[in-house]
Amino acid sequence: MWHWIALLPNSAPEPDVTAPALPSLQQQLGWWALQFTPRVAWLEDAVVLEVAASERLFGGAQALRERIQQEARQMASAQGEADLRSAHAPTALGALALARAVCHEAPCTLSRLPLQTLSAVARHASTLAQLGCRTLGDVRALPRGGLSRRFGAGLLQALDQAWGEQPEAFEWLTLPHTFDVQLELPARTDTTEGLRPAFAHLLHTLCAWMGGHQAGTEQLMLR
């Protein structure tokens, strides 16, 4: 069962405005994803969605995954993001690890992923490499007692959660009832063209908020 989807933005260029209160692309993706399922969370630098209960509503698992991946990439592209990686797996951590990996194999499995794809493992990558580990599967093959004593319980917990052997716990995102986002311009402007970058950025954020509410608008008035 592949009910988790991870959306992983790359580092996007900063907009040509100062925006201390403007939601990041990760936050906007989280707002937008709430139209598909209430079980949306931030996991490190990614957005993860649990979509098991929503698949029938959107034409099945494959159709839903394809729609989410396509529309998320369009959102990222509209904000100058060169690419947005996505993956699906039975667990959220597993989906995130697969999204981080650049796989040239079919199928691409967790056991074959490099150490850097799971944060709790990546912290000890140099030491694990000295033990002969090159993949997550190599780490799992080591004696559990020795792993726990040497690297702490967090590494084993992350591995078990990625493989679905321990439950994952999340604080689910909630969508603000009203849209109230401010953006400070870097300098005074007296032209419509000067407002365009700021307006475009706010408009993308508004669209993400409306998407999460499954809402829309036919008219906007700017003053």
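## Sheet, helices and cores in a predicted model

Leaving out residues up to four places away in sequence, Thr-117 touches Ala-97, Arg-100, Ala-101 and Leu-136. This residue belongs to a predicted model, and its place is in the loop between helix H3 and helix H4, the latter made of residues 119-122. Is Thr-117 buried or exposed? Thr-117 has a relative accessible area of 3%, and because buried means under 20%, Thr-117 counts as buried.

### The sheet

The strands of the model form an open sheet of four, in the order S2-S3-S1-S4, with antiparallel pairing. S2 and S4 stand at the edges, where each has a single partner strand, and therefore one side of each is left without a neighbour in the sheet. From one strand to the next, the twist averages 20°.

Two helices can be described in relation to this sheet. H2 packs on the sheet and touches S1, S3 and S4, and the direction of H2 makes about 160° with that of S4. H3 also packs on the sheet, where it touches S1, S2, S3 and S4, and the direction of H3 makes about 140° with that of S4.

In general, the strands of a sheet pair through backbone hydrogen bonds, and the pairing can be either parallel or antiparallel. Here, strand S2 (residues 40-43) and strand S3 (residues 46-50) pair in the antiparallel sense over four bridges. Within this pairing, Val-40 has Leu-49 in S3 as its bridge partner, while Leu-43 has Ala-46 in S3 as its partner. S2 and S3 form a hairpin with two residues between them, and Glu-44 lies in the loop between these strands.

Most residues other than glycine have a negative phi. Glu-44, although it is not a glycine, has a positive phi of about 55°, and Gln-214, likewise a residue other than glycine, has a positive phi near 50°. Gln-214 is found in the segment after H9. The table sets out these two residues with their relative accessible areas.

| Residue | Relative accessible area | Class |
|---|---|---|
| Glu-44 | 42% | partly exposed |
| Gln-214 | 63% | exposed |

How many of the nine residues of H1 are buried? Eight of them are, and so H1 is largely enclosed by the rest of the structure. The buried residues of H1 are Leu-25, Gln-26, Gln-28, Leu-29, Gly-30, Trp-31, Trp-32 and Ala-33. These buried residues pack against strand S1 (4-9), S2, S3, H2, strand S4 (84-89) and helix H9 (192-212).

The contact of H1 with H2 can be followed in detail. Two packed helices are described by the angle between their axes and the distance between the axes. For helix H1 (residues 25-33) and helix H2 (residues 61-78), the packing angle is about 140° and the axes are 11 Å apart, and H1 passes H2 in a right-handed crossing. On the H1 side, Leu-25, Gln-28, Leu-29 and Trp-32 take part, and on the H2 side they meet Ile-68, Glu-71, Ala-72, Met-75 and Ala-76. The residues of this contact divide into seven nonpolar, one polar and one charged. An α-helix has 3.6 residues a turn, so residues three or four places apart point the same way.

### Two nonpolar cores

The largest nonpolar core has 35 residues, of which Leu-118, Val-121, Leu-128, Val-139 and Leu-155 touch the most other members. Helix H3 (residues 92-100) gives the largest share of this core, seven residues. Which residues does Val-139 touch, if those up to four places away in sequence are not counted? Val-139 touches Leu-115, Val-121, Leu-128, Cys-133, Leu-147, Leu-155 and Leu-159.

Glu-165 has its place in the loop between helix H8 (153-162) and H9. Leaving aside its neighbours within four places in sequence, Glu-165 is in contact with Arg-140 and Asp-160. Glu-165 and Pro-90 are 75 residues apart along the chain, and their C-alpha atoms are separated by 11 Å.

Notes:
Residues are numbered from 1 along each chain as its sequence is written. This is a predicted model: local features need pLDDT of at least 70, side-chain atom pairs count only at pLDDT 80 or more; totals for chains, interfaces and linings use all residues. Side-chain values use heavy atoms; hydrogens and water are left out. Two strands pair if DSSP finds at least two bridges between them. Axes are lines fitted to C-alpha atoms, for helices over the stretch in contact, and angles run from 0 to 180 degrees between N-to-C directions. A crossing is left-handed if the near helix is turned anticlockwise from the far one by less than a right angle, and right-handed if clockwise. Contact means heavy atoms within 4.5 Å. Ala, Val, Leu, Ile, Met, Phe, Trp, Tyr, Cys and Pro count as nonpolar, Asp, Glu, Lys and Arg as charged, and the others, Gly among them, as polar. A nonpolar core is a set of buried Ala, Val, Leu, Ile, Met, Phe, Trp, Tyr and Cys residues joined through side-chain atoms within 4.5 Å. Buried means under 20% relative accessible area, exposed over 50%, partly exposed in between (1.4 Å probe, protein chains only).
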